[in-house]
Amino acid sequence: MRHVLFAACAALAVLSSAPVTAQSPAPAPRVQVVDGDIARFWAAYDAVRAESDPARQRDLFQRLYIDQGTPGLGAFMQAKGYTIDTFLDAIRAYPTYWDTVRPRTALAGQALEKLEIHLARLRELYPDLRPAGVYFEVGALRSAGTTLDDKVLIGVEMATGDASVDLSQMPPNLKRFFTTYFASDPLENLDLLAAHEVVHTQQRGERQTLLAQAVYEGVADFVAEKATGRMPKLPYVAYGPANDAAIRTAFRADMNGADFGGWLYNGVNNPFGTADLGYYVGYVIASRYYDRAPDKAAAIKAMLELDYADQAAVQAFVDASGYLDEGAGSGI
């Protein structure tokens, strides 16, 4: 298993005012990146594909992948509800997908050098950055990236795909999803995705309303942009500013409810025909808040330490941005 350790700062020495000597060990890294589960998955995959007996397939996959997996694999399975049957069903259903995405997953390491730089910048933006782990995993087509507690979990079987990956064995809804997602160049933006998810490891509080969830995601987009210098190539990034007034009007009507379906994580199930516009709304709220703040470092700190379970605190943050005020100016 290959472990790549990154200190999320310009140099390890800045984490301590005392010089590092032979008697003074270097400070522990703030972010650990682990990718050894990728090779273990493909070893298990080859063994399963060479075996026709279902019981034997289960035993091989359990022993070669799940039992030997890192804490990140266990967390990914917990976060996304993966079981051994979830994996085996996906392997059996879409073999051409797996065979064509396989060489792409080996390219995940290309993101690591850029990620090191961005984590250093994130540490500059937020010196109180808590330790986190970034785990590159192979999942079963449910998530390109998520978090659980202090762990960032990247599903490379999705996050490294492109137009060369064969979708022919998938049903129409999955084909549409993956075609759109792969058009966003996920491998090129893998470092950006990881930075976004690292921000989530710093946030706290269960989100009970659409407004809180949109701000939670928008803050992660905004701070990741500050660390990386760019936004993801996803439809909401371009569509939002061009349709800002209508989006704000519709969002105000839904924002205090608990149904995220028309705004987040649910394809294009909204009148605009564009997915994840809640990310756009949350991003503009964060951006406006930052622009209005006289102390930019304090603004970043306030974003990352906001208690999203405290609806009054969330509303105060939104009010300070001015974005959802009646008569407020448009977009980004």
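Which loop does Asp149 lie in? Some notes on that and a few other spots follow.

1. First, the ground rules. This is a predicted model, in which local features need pLDDT of at least 70 and side-chain atom pairs count only at pLDDT 80 or more, while totals for chains, interfaces and linings use all residues. Residues are numbered from 1 along each chain as its sequence is written, and side-chain values use heavy atoms, with hydrogens and water left out.

2. Asp149 sits in the loop between β4 (145-148) and β5 (151-155); strands are DSSP runs of E, at least two residues, and helices runs of H or I, at least four, numbered from the N terminus. Its phi is positive, about 55°, although Asp149 is not a glycine. Most residues other than glycine have a negative phi. Asp149 counts as exposed because its relative accessibility is 64% (exposed is over 50%, buried under 20%, partly exposed in between; 1.4 Å probe, protein chains only).

3. Asp185 also has a positive phi, near 55°. You'll find Asp185 in the loop between α8 (172-182) and α9 (190-202), and at 35% relative accessibility it counts as partly exposed.

4. Helix α6 (residues 110-125) packs against α9 at about 35°, with the axes 9 Å apart (axes are lines fitted to C-alpha atoms over the stretch in contact, and angles run from 0 to 180 degrees between N-to-C directions). The contact, meaning heavy atoms within 4.5 Å, includes Leu115 and Leu119 of α6 and Ala194 and Val198 of α9.

5. Over in α1 (residues 36-49), 10 of the 14 residues are buried, among them Phe41, Trp42 and Tyr45.
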